[in-house]
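Me: I have a chain open and want to go through it. Can you take my questions as they come?

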Amino acid sequence: RNLGAGPMYTFWHIVLPQAVRVAVPGLSNNFVDIIKQSSLAFTLGVTEIMAVAKMEGSTNLRFLESFTAVMIVYWLIVTVFNYLQKLLERWLSRMY
């Protein structure tokens, strides 16, 4: 209020940008952990990429190739997201 700004202006232009800058690394790391742990959902019966690889491997007995393909897909997803996270953190750090 001392600056003559209302509470919404203060929130959107002062508080929120600072909070986002602090929160992005932790939230991004949690998202990467969720991606990595999604293969654990297969043990609970959730059909996903690991289940498809296991079914494909069991039909043609090529488990190594199936799981290698899954590994590459997970690696690409995590690598791309980490790169985007780094770009976002750089952009947010330039704001201050």
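**Surface, core and confidence**

Reply: To start with the surface of this predicted model: M8, F11, W12, I14 and V15 make a nonpolar patch of about 490 Å².

Me: Where does M8 sit?

Reply: M8 is in helix α1, which covers residues 7-37.

Me: And is M8 buried or exposed?

Reply: Exposed, because its relative accessible area is 56% and the cut-off for that class is over 50%.

Me: What about Q18, buried or partly exposed?

Reply: Q18 also lies in helix α1. Q18 is partly exposed, at a relative accessible area of 43%.

Me: How far is Q18 from S93, C-alpha to C-alpha?

Reply: Their C-alpha atoms are separated by 9.9 Å, and the two residues are 75 apart along the chain.

Me: Switching to the inside. Which residues make up the largest nonpolar core?

Reply: Six residues: V32, I35, A53, V70, Y74 and V78. Helices α1 and α3 are the elements that give two or more residues to this core. The largest share, three residues, comes from α3.

Me: What does V78 touch?

Reply: Leaving out residues up to four places away in sequence, V78 touches V32, I35 and K36. V32 and I35 belong to that core as well.

Me: Last topic, confidence. What is the mean pLDDT of the chain?

Reply: The mean is 81, and 85% of the residues reach 70 or more.

Me: Where is it lowest and where highest?

Reply: Confidence is lowest in helix α2, residues 49-60, with a mean of 84. Helix α3, residues 63-94, has the highest, at 87.

How values were computed: Residues numbered from 1 in each chain as written. Predicted model: local features only at pLDDT ≥ 70, side-chain atom pairs only at ≥ 80, totals over all residues. Heavy atoms only, no water. Patch = residues over 30% accessible without salt bridge, like charges linked within 9 Å, V, L, I, M, F, W, Y side chains within 5 Å. Areas by Shrake-Rupley, 256 points an atom, 1.4 Å probe, with all protein chains shown as cover. Salt bridge = Lys/Arg side-chain N within 4 Å of Asp/Glu carboxyl O. Helix = DSSP H or I, 4+ residues; strand = E, 2+ residues; numbered from the N terminus. Buried < 20%, exposed > 50% of the residue type's maximum accessible area, 1.4 Å probe, protein only. pLDDT = per-residue confidence, 0-100. Core = buried A, V, L, I, M, F, W, Y, C linked by side-chain atoms within 4.5 Å. Contact = heavy atoms within 4.5 Å.
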